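User: I have a structure open and want to learn how to read it. Can we go through it step by step?

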Amino acid sequence: MTKVLGIIGGMGPLPTIKLFEKIVLLTKANKDQEHIHILIDNNTSIPDRTAYILDDKFEDPRFELIKSAKRLEKAGADFLIMPCNTAHHFYEEIKRSINIPFLNMIEETAKYIEKSYKNINRVGLLGTDGTIKAKIYDKVFNDYGIQIVYPSIENQKYVYELIYNIKEDIRQENLDGFYKAMDEVRNQGIDIFIAGCTEISVALEMFSLKGNFIDPLDIISVSAIEFAGKEIKSL
């Protein structure tokens with residue numbers, strides 16, 4: 001029997017839509033009834049994760065994150081995923097609050113890289129300031145022998161700018177700063193980048209970003225489909 005998937009969404013709404021779309025497009029199904037039953041809690045009341053990580057005077061997002069997880073479990077979800085990289089800083093606390101499996105997008109990405117890029121032990125990460133400060137990727141990837149490399153503070157501001165322009169629905173015309181941040185990391189001998197924020201995942205398509213990207217949204221979509229008991233569509 002296929003498992004019911006629950007998505008802790010709203011961080012932001014656009015990446016939540018993209019995740020749902022990816023799961024539908026990647027699922028091998030010939031009719032509506034062969035797709036996965038998905039429950040989405042697009043909880044836009046979850047406070048900004050980066051703001052809290054950088055300065056805990058801001059509102060703590062954990063209450064709403066846990067509230068969403070419990071709501072989805074009560075609604076009938078058999079397992080959960082969460083399309084927000086920064087929110088994975090609170091993954092263990094959310095997991096302890098529920099009694100169903102909770103797939104970790106960061107760990108699924110590490111497993112994917114270990115399997116698919118056997119000779120790679122260093123990757124670039126483009127994410128929020130909160131993800132960087134909390135070392136969300138470092139803590140998981142260290143166990144897989146993979147080093148995370150970030151842009152400098154000077155160039156990280158361009159990554160932050162792109163992320164929050166998407167959140168704030170500001171059309172960004174110039175991506176020179178963003179590519180400058182990528183070039184800085186690339187000059188350290190790294191050519192593979194993780195789209196370490198779901199707004200970057202959105203930007204991949206929105207701006208046809210150039211580069212060798214690994215998108216955690218793609219990876220968690222495949223993991224969720226397989227965990228639910230369905231097959232991946234041949235592309």
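User: Is Cys197 buried or exposed?

Analyst: This is a predicted model. To judge burial, look at relative accessibility; under 20% counts as buried. Cys197 has 5% relative accessibility, so Cys197 is buried. Cys84 is also at 5%, and it counts as buried too.

User: How many disulfides are there?

Analyst: Look at the sulfur atoms. A disulfide needs two cysteine sulfurs within 2.5 Å. The cysteine sulfur closest to that of Cys84 belongs to Cys197, but it is 6.8 Å away, so that is too far for a bond. The count is zero disulfides.

User: Where does Leu80 lie?

Analyst: Start with the element, then check burial. Leu80 is part of strand β3, residues 79-81. Its relative accessibility is 0%, so Leu80 is buried.

User: Which residues does Leu80 touch, beyond those up to four places away in sequence?

Analyst: Contacts can join residues from separate parts of a chain. Among those Leu80 touches are Leu5, Ile8, Leu72, Ile100 and Phe102.

User: Which residues have the most contacts inside the largest nonpolar core?

Analyst: A core is built from buried nonpolar residues linked through their side chains. The largest one here has 39 residues, and Ile8, Leu65, Leu80 and Phe141 have the most contacts inside it. Helix α7 gives the largest share of this core, four residues. A second, separate core has 23 residues, including Ile163 and Val202.

User: What is Leu65 in contact with, leaving aside neighbours within four places in sequence?

Analyst: Its partners include Ile8, Met11, Met82 and Phe90.

How values were computed:
Residues are numbered from 1 along each chain as its sequence is written. This is a predicted model: local features need pLDDT of at least 70, side-chain atom pairs count only at pLDDT 80 or more; totals for chains, interfaces and linings use all residues. Side-chain values use heavy atoms; hydrogens and water are left out. Buried means under 20% relative accessible area, exposed over 50%, partly exposed in between (1.4 Å probe, protein chains only). Helices (H or I, at least four residues) and strands (E, at least two) are DSSP runs, numbered from the N terminus. Contact means heavy atoms within 4.5 Å. A nonpolar core is a set of buried Ala, Val, Leu, Ile, Met, Phe, Trp, Tyr and Cys residues joined through side-chain atoms within 4.5 Å.
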